[in-house]
Amino acid sequence: MKKVQYFLACFSIFTTLFFILSLCSCDPTDPTSPDLTIDSTSYSPSNPNTTDSITFTIHVRNRGSESSSICDLSFKVGGESAPPVYTIPALGVGATYLVSRRMLLPIALTYLSIATVDVADEVSESNENNNIDSLIFSVNPPPRPDLTIDTITKSPASPTTADSITFSIRVRNNGPGISSVCKLEFKVGGESMPPQYDIPAMAPGATYTRERKMLLPIALTSR
Ligand SMILES: [Ca+2]
Ligand SMILES: [Ca+2]
């Protein structure tokens with residue numbers, strides 16, 4: 001009889017231990033699930049301004065141990081109330097997928113972008129807490145031109161009232177931005193309607209020289 005009681009006691013201890021061990025080995029996060037993550041969010045150009053078309057690239061990866069099914073990724077920039085949604089295809093174990101978005105941000109500001117993969121939680125994952133990536137970046141005002149009159153020269157150097165005098169006016173863009181088409185006025189003496197000349201768009205550092213030929217029949221020192 002004692003043997004039976006001993007056997008029953010051992011059996012009870014064994015089944016209790018087995019039950020406890022079973023509970024311990026039950027992983028609430030299924031290790032055989034997909035795990036969608038965002039490796040990084042990048043943008044180009046690296047120092048965008050308000051006239052640049054900015055390309056954002058979001059790198060999605062399945063870091064889980066099972067393939068993920070099709071799902072959606074949202075990418076919000078700034079205060080967008082309805083950010084665009086992109087389809088992420090089924091991804092095998094370790095597979096990656098790139099999402100690109102091009103946009104112009106015409107207001108110079110510091111922006112926050114937020115990319116969220118499996119935004120509608122359609123995929124059951126081993127880790128649901130690594131699906132968001134945020135990025136802070138600045139958009140600057142565009143670089144401005146700086147037009148200057150570089151030099152004004154005349155030929156001949158010491159003209160008389162009989163000479164046709166050629167004035168050369170050299171314009172330079174000293175700024176970091178491209179200048180648009182504009183006008184140059186060149187007034188000599190008391191002219192009430194001095195001529196104006198077209199100046200083309202100029203790249204940073206570019207120069208443009210305009211000539212004016214004229215006769216000054218009165219001997220004077222002109223200002
Ligand atoms: Ca995840
Ligand atoms: Ca999910």
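## Ground rules

Two strands count as paired if DSSP finds at least two bridges between them. Helices (H or I, at least four residues) and strands (E, at least two) are DSSP runs, numbered from the N terminus. This is a predicted model, where local features need pLDDT of at least 70 and side-chain atom pairs count only at pLDDT 80 or more, while totals for chains, interfaces and linings use all residues. Residues are numbered from 1 along each chain as its sequence is written, and chains are lettered from A and ligands numbered from 1 in the order in which they are written.

## The chain overall

Secondary structure here comes to one helix and 12 strands.

Buried residues (20 or more other C-beta atoms within 10 Å of their own, with C-beta atoms placed from the backbone) make up 14% of the 223 residues. As for contacts (C-beta atoms, placed from the backbone, within 7 Å), take those between residues at least 6 apart in sequence: 65% of them join residues at least 24 apart.

Strands of a sheet pair through backbone hydrogen bonds, either parallel or antiparallel. In this one, three strands make an open sheet with antiparallel pairing, ordered β1-β2-β5. β1 (36–44) and β5 (96–104) each have a single partner strand, so one side of each has no neighbour in the sheet. From one strand to the next, the twist averages 20°, with axes taken as lines fitted to C-alpha atoms and angles running from 0 to 180 degrees between N-to-C directions.

Look at β1 and β2 (residues 53–62): eight bridges join the antiparallel pair. Serine 42 sits opposite threonine 57 in β2.

## The four-stranded sheet

There's also an open sheet of four strands, again antiparallel, in the order β4-β3-β6-β7. Its edges are β4 (85–88) and β7 (132–139), which each pair on one side only. Here the twist averages 20° from one strand to the next.

β3 (residues 71–77) runs antiparallel to β4, and four bridges hold the pairing. Across from leucine 73 you'll find tyrosine 86 in β4.

## The β8 and β9 pair

Further along, β8 pairs with β9 (residues 164–173) in the antiparallel sense, over eight bridges. Lysine 154 stands opposite phenylalanine 167 in β9.

How many of the nine residues of β8 are buried? The number is zero, so β8 (residues 147–155) lies largely in the open.

Methods: A residue is buried if 20 or more other C-beta atoms lie within 10 Å of its own, exposed if 12 or fewer, and partly exposed in between; C-beta atoms are placed from the backbone. Two residues are in contact if their C-beta atoms, placed from the backbone, lie within 7 Å.
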